[in-house]
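Let's work through some exercises together. Have a look at the chain below, then try each task before you read its solution.

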Amino acid sequence: MVISPLICGHLASRLQLLLPHLNERQRRLLLAAEAKGLGHGGIRTVARAVGVSETTIRKGIAELDMEPLPDGRVRRPGGGRKAAADKNPDLLPALMALVEPDERGDPMSPLRWTTKSLRNLAGELTRQGHEVSATTVGKLLRKSGFSLQSNVKTLEGKQHPDRDAQFQYINSQVKKYQAVGEPVISVDTKKKELVGQFHQAGREWRPQGDPIDVEDHSLFARPGREQVIPYGIYDIAANTGWLNVGVDHDTSAFAVASVRRWWENRGRIDYPSATRLLITADSGGSNSPRYRLWKSELSALAEETGLAITVCHFPPGTSKWNKVEHRLFSHITMNWRGRPLTSHEVVIKTIRSTRTRGGLRVEAELDTREYPTGISISKEYADSLPIEPHETRGAWNYTVLPHKSDPASVPRVNRPQGLNLEAVEMLSDPRLTGMNPEDLTDLIACLAPLQEARDEQRRYERRGGKRRRTRGAGAISVITPAVRVLATVLYLREVIPMQLLGELLAVEIQPLRRAINETHRILTDHSCAIRPVTLRLTSEQAVRDYLATGTRERPEIPLEVLTHPSITGMSREELTTMTERVLVRYSARLEELRIKRRSRALHKLPGLVSQRKVTDADRVLAAVLGMRRIATRQAIADLFGVSARTIGNTLVELRPLLEADGYNPKLILRAQRFYTAEELLQSVQAAGDIDALHKP
């Protein structure tokens, strides 16, 4: 049968319009139906009209006689390439063995400690003989019920047995205060932020290809980099926030000062008739219930405002439930996402611009005052504070009254100001400082301007510019210039250790150490050296006894007795010459040790590494006596007024140096050895040097 060209043209036009809208099977069936309708020669005519294979049309004619396929299928079951898991039944078990070693506890899994990416999994399967691609591995994992998942923070550690009960108690207290219109605030310290061109998480809209350039290693910022410490106060009822942005230290004094600033600027305006204040806080940081300074400052705030301040602490490890975290801090973080905090002004304005659809409004102020980390509060003063613990978990819930309900019940101690003036007067004794009062006063007057200049420079760098307030505004430093000089003199003379100085002056170690370091730098820059002495007082009672009697707890033995030839085995001239030679090497060795110790704290100066209980020359003499074995280690320790362990350390340090110098002592027989310091002194008396015992 001959098909006319006109029919072929109409057929080609019709098929070209329909075929692009059909799938593979539908196209094949349509072509088969057209060919079958044309009769003999139809297969070739249709194939030429649309440009397909005649075999494809013949397959379509065969499929017309078959039952239709289910909806959605193009091929019958079993058609197409075989799946990798079907071709290799061992592939899926091998894959599961790699991705589930933790569940089965398989310690020998090749990827137990490796990132289980699709590429790593495919590579390990190929190494095991199962050649597969990363795409196929992904399909198999999804088919087996796996998906990419991150860690979920749900484990809170060991929960306190009173955790839920404390939550309920806090909730009841909040409702009770809000029902009568009393203020309720939630407080906490936000994460410290570096000021500068540092990366901030998140993204913000900017012109394409124009991101903000930031430093690539903010973690390793140079020491002294400016930072801000935002302390937040969130008013639960009013849905308002107040942030006191500090630049010094996150101390309890800073925390209460933040609450004070909120009350002065917002609290007393929003709650003019308030008589009570409820504070909800976590159990750590600067507002920890364990800190005496926190309660002492709250007591001062209660006296100033006349408010009865109730504090309810969340149990340890549950600070995320504090409302200031997710109702204030989270919105501030989202507001400055992707924006470097380049200055204090940027920080303040960004915080103030924080808004939410729920009506949150935030205010912020910069606090450039200093908050030293060391104000020591005695237990006696803390016990005298007008604090009433609640019957329900009194360690977490307590009320600070503006005054004692019964003043005669507990004697009130004067509130400490961070400095014990009585101790300052006691420590200024010339027998401790080594200088008369006039010289000490002149030294303080000379160093005070230099100390003030260094302090002003540090404040300038911390502020990032000029003063924002007049000189004298803000907090007064706890450690005065006079106390700085006094503490430095006593420490460098090695008369009193730093820990005891802090206890006597009623300040903490950190600000005291900083003050001594800064004053020592000034003395070093002006070539003013303070030499150590052999006087060691390690307790407050020892200091008072020494000032009362003029003698130490252990009488000091004259050097002439310890250097007697009968116990050293050499003349005093030979001992002096050898000591001078060894001390040169010993000083170099000590400096090497100081460098190693300062590797963890580069800001420390030579001389502030450790406190030596005896002078270097006395150490050489003690090492000589120990190497001769003329007396037991305890007897030698009693002679120098130190412990036997100190003598042992001295032998370890100086024995190699003495042997390198050629010292080879003649050992004493066991029968001739002395077992007490008194026996050794009596032997010197018997040797005829009796006058040496009475020399001053």
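Contact here means heavy atoms within 4.5 Å. This is a predicted model, in which local features need pLDDT of at least 70 and side-chain atom pairs count only at pLDDT 80 or more, while totals for chains, interfaces and linings use all residues. Residues are numbered from 1 along each chain as its sequence is written, and side-chain values use heavy atoms, with hydrogens and water left out.

**Exercise 1. Describe the protein chain as a whole.**

Step 1: Start with the contacts. Of those in the protein chain with a separation of 6 or more, 72% are accounted for by residues 24 or more positions apart.

Step 2: Turn to the helices and strands. These are DSSP runs, numbered from the N terminus (helices: H or I, at least four residues; strands: E, at least two). The protein chain has 29 helices and nine strands.

Step 3: Look at burial. Buried means under 20% relative accessible area, exposed over 50%, and partly exposed in between (1.4 Å probe, protein chains only). Of the 696 residues in the protein chain, 42% are buried.

**Exercise 2. Find out which side of helix α8 is buried and what covers it.**

Step 1: Helix α8 spans residues 118–127, and its buried residues are L121, A122, E124 and L125. They lie on the same side of α8 because they cover an arc of only 165 degrees around the axis. The arc is that of the directions from the helix axis to the C-beta atoms.

Step 2: Now check the face turned away from the buried side of α8: R119 and R127 are the exposed residues there.

Step 3: Next, look for the cover. The buried residues of α8 are covered by elements including α6 (91–99) and α9 (134–143).

Step 4: Finally, follow the chain past α8 to G129, which has a positive phi near 105 degrees.

**Exercise 3. Count the disulfides and examine two cysteines.**

Step 1: A disulfide is a pair of cysteine sulfur atoms within 2.5 Å. The structure holds zero of them.

Step 2: Take C528, which is in no disulfide: the nearest cysteine sulfur, that of C446, is 8.3 Å away.

Step 3: Check accessibility. C528 is partly exposed, at a relative accessible area of 33%, whereas C312 is buried, at 0%.

**Exercise 4. Locate R14 and decide how exposed it is.**

Step 1: R14 sits in helix α1 (residues 5–18).

Step 2: Its relative accessibility is 37%, so R14 counts as partly exposed.

Step 3: R14 and V50 are 36 residues apart along the chain, and their C-alpha atoms are separated by 10.0 Å.
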